[in-house]
Amino acid sequence: MNTRAQKILFAGLVLAALLAVAWDLVPLPDAQDRVSRLATDGLGFSSREMPLSDTEKSIYGAAQVVKRVYHVNRQNFVVVIIDGARNRHAIHDPAYCFRGAGWTISNSRPLALPGGTGKVMTLQKGGETREATLWFSDGRVRYYQVARCWWQTALRRLTFGASGPDPVLVLVQPLSNERPDWDNLPTQLPTLFDF
């Protein structure tokens, strides 16, 4: 290797090291301001906070997590919102958690949402069947692809936050075995689409 190539290689290594240090030292804004705007009650709905279990606390760590039961008409929904800006491992594919809890995903389908698409999953365990829906949101766009969330988060880290706001994971499940009308969720619980 000639001297010029060595200098270019050395400069590239120094630049990579400086960027790695900068990415670790420069804190990026989280979604706390957005998540705090999530209404606890409004026209046709009310809510109460739910404490995180010890297992959830260990999984989420420093991530900001909101867990509430929303009462809408005659249905109760458990809503979990995870801002993983302070713990990237907290944002993962919820299918792993469902499978880890003994559920199998027997079906999934896209769900049209304001600003994008979520996913409705049909879960089964023993003779029990439940549904849950999820999406990722950066406040403007909603999508359900985990890889897209990881890509958006990586791009955000590479650009020191200039590429856009931090995505959060929104997970909604009915408290009972009732099958909700997911297509009306934006109308029934509009606060989930305001942040």
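These questions and answers test the terms used for a predicted model against its values.

User: Why is Arg68 called buried?

Analyst: Buried means under 20% relative accessible area. Arg68 has 8%. So Arg68 is buried.

User: What makes the contact between Glu49 and Arg68 a salt bridge?

Analyst: The limit is 4 Å between a side-chain nitrogen of Lys or Arg and a carboxyl oxygen of Asp or Glu. Here the N to O distance is 2.5 Å. That is within the limit, so the pair counts. The two residues are 19 apart in the chain, with Glu49 in strand 1 and Arg68 in strand 2.

User: Is Glu49 buried, partly exposed or exposed, and how do you know?

Analyst: Its relative accessibility is 49%. Exposed needs over 50%, and buried needs under 20%. Glu49 falls in between, so Glu49 is partly exposed.

User: How many salt bridges are there in the whole structure?

Analyst: The search finds six. One of them joins Glu128 and Arg130, with the closest N and O atoms 3.0 Å apart. Glu128 is at 28% relative accessibility and Arg130 at 22%. Both values lie between 20% and 50%, so both residues are partly exposed.

User: What makes Glu131 and Arg179 a salt bridge between distant parts of the chain?

Analyst: First, the distance. The closest N and O atoms are 2.9 Å apart, and the cut-off is 4 Å. Next, the positions. Glu131 sits in strand 6, and Arg179 sits in the loop between strand 8 and helix 6. They are 48 residues apart.

User: What makes a group of residues a nonpolar core, and which residues have the most contacts inside the largest one?

Analyst: Members must be buried, come from a set of nonpolar types, and be joined through side-chain atoms within 4.5 Å. The largest core has 23 residues. Val79, Ile81, Trp135, Val172, Leu189 and Leu192 have the most contacts inside it. Strand 2, strand 3, strand 4 and strand 8 each supply at least two of its residues. A second, separate core has 21 residues, including Met121 and Phe136.

User: Which residues does Ile81 touch?

Analyst: Among them are Val35, Leu38, Val66, Val170 and Phe195. Residues up to four places away in sequence are not counted.

User: What is the make-up of the lining of the largest pocket, by class?

Analyst: The lining has 15 nonpolar, five polar and three charged residues. The pocket has a volume of about 520 Å³. Of its 23 lining residues, those closest to the centre are Glu56, Tyr60, Cys97, Leu171 and Gln173. Helix 3, strand 3, helix 4 and strand 8 each supply at least two lining residues.

User: What makes the phi of Asn73 worth a remark?

Analyst: Most residues other than glycine have a negative phi. The phi of Asn73 is near 55°, a positive value. Asn73 lies in the loop between strand 2 and strand 3.

User: Why is Asn73 called exposed?

Analyst: Its relative accessibility is 52%. Exposed means over 50%, so the word applies to Asn73.

How values were computed: Residues are numbered from 1 along each chain as its sequence is written. This is a predicted model: local features need pLDDT of at least 70, side-chain atom pairs count only at pLDDT 80 or more; totals for chains, interfaces and linings use all residues. Side-chain values use heavy atoms; hydrogens and water are left out. On a 1 Å grid over the protein atoms alone, a cavity is a set of points where a 1.4 Å probe fits but cannot get out, and a pocket is an open set with protein on both sides within 12 Å along at least five of seven lines; lining residues have an atom within 4 Å of a point. Grid points are joined across faces, edges and corners, and a volume is the space filled by probe spheres set on the points. Helices (H or I, at least four residues) and strands (E, at least two) are DSSP runs, numbered from the N terminus. Ala, Val, Leu, Ile, Met, Phe, Trp, Tyr, Cys and Pro count as nonpolar, Asp, Glu, Lys and Arg as charged, and the others, Gly among them, as polar. Buried means under 20% relative accessible area, exposed over 50%, partly exposed in between (1.4 Å probe, protein chains only). Contact means heavy atoms within 4.5 Å.
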